Amino acid sequence: MNRTTIQEAAREIPVLMEADVVIVGGGTTGPIAAIAAARRGRKVVLIERFGSLGGILTLGLNTKPSGAIIGGIPLEIWNLARSVGGAGADYMATTKTGGVHIASPTDPEIMKMLLTRLCVEAGVQILFETFVSAPHVEHGSITGVIIESKSGRQFVGTKVLIDCSADADMAAKAGAPFVMGSGEREAKMQPVSMYFIMKNVDLKRLADWARTCDDVPARAIPADEAGLDYGLWLTGFNGMLRRFQAETGVKLQRENITLKTADGQMYVNATRVLGVNVFSPKEFTDAILECYRQIEGVCRFLKERVPGFEQARLGQVSPILGVRETRHIVGEYTLTGADSRGETRFDDSIAADNSALDIHDPKGGDVDFQSMPPYEIPYRCLLPQGVEQLLVAGRCISADHEAHARSRNMPACMATGQAAGVAAAIAVEQGVSVRRVPLDRVQAALRELQMPLHAEEVRAS
Ligand SMILES: Cc1cc2nc3c(=O)[nH]c(=O)nc-3n(C[C@H](O)[C@H](O)[C@H](O)COP(=O)(O)OP(=O)(O)OC[C@H]3O[C@@H](n4cnc5c(N)ncnc54)[C@H](O)[C@@H]3O)c2cc1C
């Protein structure tokens with residue numbers, strides 16, 4: 001049989017519930033949006049396809065925001081994590097181009113629990129193991145979403161939809177314009193990677209060795225042993241990796257690898273697959289298989305070549321593939337590279353951000369990771385064109401490929417989630433559209449959350 005399409009019969013879909021604000025995606029960004037909106041008294045539904053919150057931050061084993069967390073609900077969460085031993089102190093990492101402020105990594109298991117607890121305490125209705133297959137649009141305005149679960153297809157109605165799916169799934173399916181990666185015909189997109197954990201690493205032996213090793217030029221090595229649990233960060237190993245590959249025939253994709261600790265375990269960022277169409281189930285699966293192959297090679301490299309790893313074993317492989325870049329919506333404003341270097345002051349800024357620039361070469365094995373001056377993210381970057389009652393937050397906001405290398409970092413994603421949650425709640429309170437929400441009220445509410453909105457406030461802090 002040579003089928004290219006089939007017909008699906010039309011059917012009635014039961015309405016599961018109605019909300020003021022629906023958030024698609026309970027990853028790094030979505031829970032912050034949900035807490036922000038629910039704390040303003042709105043009826044909020046947070047829908048997540050997996051069985052826990054945090055996305056790349058927790059399930060993806062990423063754990064480490066590349067930049068300071070400078071205010072608002074994200075800082076409240078990080079301080080809460082610290083108070084229960086789920087995070088340590090922030091640190092400065094030394095890189096080729098100067099120091100980069102890194103917010104402490106967090107223990108992903110504690111973070112999952114905290115995010116869930118804060119959502120529940122705020123009154124958020126979470127729907128786990130529920131995939132949102134499409135937005136429902138009437139006369140150009142969002143009125144709800146179609147969900148898929150073990151109960152089949154159902155409808156959740158909403159006054160405002162916040163797309164925190166990371167891939168702008170809702171915006172794209174609602175017909176809003178977007179670009180893939182750099183937006184060129186041969187679009188440049190940062191590669192995909194899969195994190196894993198090595199357990200039983202002798203952290204002290206590793207730290208003592210790394211202090212004197214020229215092949216690990218980017219690093220943060222705490223002076224005291226207790227600081228190793230959350231504060232050891234090492235990037236490099238380039239020469240050792242080259243020699244290992246030449247001598248063993250094992251082929252890896254990255255020129256360097258990054259090791260970092262959280263709760264005394266070693267998190268390894270070392271795999272890479274280029275040019276994957278992550279919307280193709282087949283290519284997505286092939287990328288996972290390739291990451292597994294590379295993980296075996298990196299484990300062997302670490303155990304055979306890096307002091308401290310002699311007795312180490314594979315602890316956990318992330319259950320999800322880490323996708324760095326796909327769709328960026330084309331919003332009312334597109335953040336440019338110059339904006340992201342701190343060159344523009346925006347009257348409608350909803351967050352100042354101090355994340356590092358972090359570009360993984362879309363065509364090779366290199367990583368450009370460096371500190372930059374703080375910059376501002378305008379509300380218009382969260383507003384897709386052509387669809388009403390839709391906001392987008394997280395890594396798929398309207399930003400060009402260069403600006404995305406900063407705005408994709410977790411501090412920026414969480415800040416845009418917070419702003420979207422506040423703006424959605426205020427729009428519902430005021431009975432206006434999210435496009436017409438009074439920005440002075442949104443900014444005042446964000447200031448009440450202790451969120452710096454302009455770059456000079458970060459420089460002064
Ligand atoms: C390998 C890797 C390393 C990185 N390293 C760093 C780093 O060191 N520091 C840093 O700050 N940033 C880093 N980043 C970037 C940063 O982690 C991400 O850009 C950020 O976490 C994205 O947040 P998000 O909320 O947009 O997406 P996610 O955290 O991916 O959350 C999206 C959520 O939406 C859910 N979802 C998606 N579609 C649907 C749907 N249709 N229905 C229901 N649920 C859905 C997903 O299951 C997921 O939980 C890294 C990224 C990767 C991939």
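**Close-up views of a predicted model**

**View A. The shell around the ligand, by residue class.** The shell around the ligand holds 13 nonpolar residues, 15 polar residues and seven charged residues. The model shown here and in the other views is predicted. In total, 35 residues surround the ligand. The closest are G25, G27, G55, G322 and G394. Two elements each give two or more residues to this shell: strand 6, spanning 131–138, and helix 11, spanning 410–430.

**View B. Helix 1 against helix 11.** Helix 1 covers residues 30–38. Its axis comes within 7 Å of the axis of helix 11. The two axes cross at roughly 30 degrees. The crossing of helix 1 and helix 11 is right-handed. Helix 1 brings G30, I32, A33, A34, I35, A36 and A37 to the contact. Helix 11 answers with M414, G417, Q418, A420, G421, V422, A424 and A425. By class, the contact has eleven nonpolar residues and four polar residues, with no charged residues.

**View C. Helix 2 against helix 11.** Helix 11 also packs with helix 2, at an angle of about 120 degrees. The axes of helix 2 and helix 11 are 8 Å apart. At that angle, helix 2 and helix 11 are therefore oblique to each other. On the helix 2 side, the contact is made by G72, I73 and P74. On the helix 11 side, the partners are P411, M414, A415 and Q418. Five nonpolar and two polar residues form this contact, and no charged residues take part.

**View D. Helix 2 against helix 3.** Helix 2 runs over residues 72–83, and helix 3 over residues 108–122. The pair packs at an angle of about 125 degrees. Their axes lie 11 Å apart. That angle makes helix 2 oblique to helix 3. The crossing of helix 2 and helix 3 is right-handed. I77, L80 and A81 of helix 2 are in contact with helix 3 through I110, M111, L114 and L118.

View E. The domain assignment gives two domains. Domain 1 is made of three segments, 15–187, 325–360 and 368–460. Domain 2 is the segment 196–317. The C-alpha centres of domain 1 and domain 2 lie 29 Å apart. Domain 1 puts 19 residues into the contact, and domain 2 puts in 15 residues. On the side of domain 1 that touches domain 2, strand 3 (residues 91–95) gives the most, with five residues. This side of domain 1 divides into nine nonpolar, seven polar and three charged residues.

How values were computed: Residues are numbered from 1 along each chain as its sequence is written. This is a predicted model: local features need pLDDT of at least 70, side-chain atom pairs count only at pLDDT 80 or more; totals for chains, interfaces and linings use all residues. A residue is near a molecule or strand if its C-beta atom, placed from the backbone, lies within 6 Å of it. Helices (H or I, at least four residues) and strands (E, at least two) are DSSP runs, numbered from the N terminus. Ala, Val, Leu, Ile, Met, Phe, Trp, Tyr, Cys and Pro count as nonpolar, Asp, Glu, Lys and Arg as charged, and the others, Gly among them, as polar. Axes are lines fitted to C-alpha atoms, for helices over the stretch in contact, and angles run from 0 to 180 degrees between N-to-C directions. Angles under 35 degrees count as roughly parallel, over 145 as roughly antiparallel, 65 to 115 as roughly perpendicular and the rest as oblique. A crossing is left-handed if the near helix is turned anticlockwise from the far one by less than a right angle, and right-handed if clockwise. Two residues are in contact if their C-beta atoms, placed from the backbone, lie within 7 Å. Domain bounds come from an automatic or database domain assignment.
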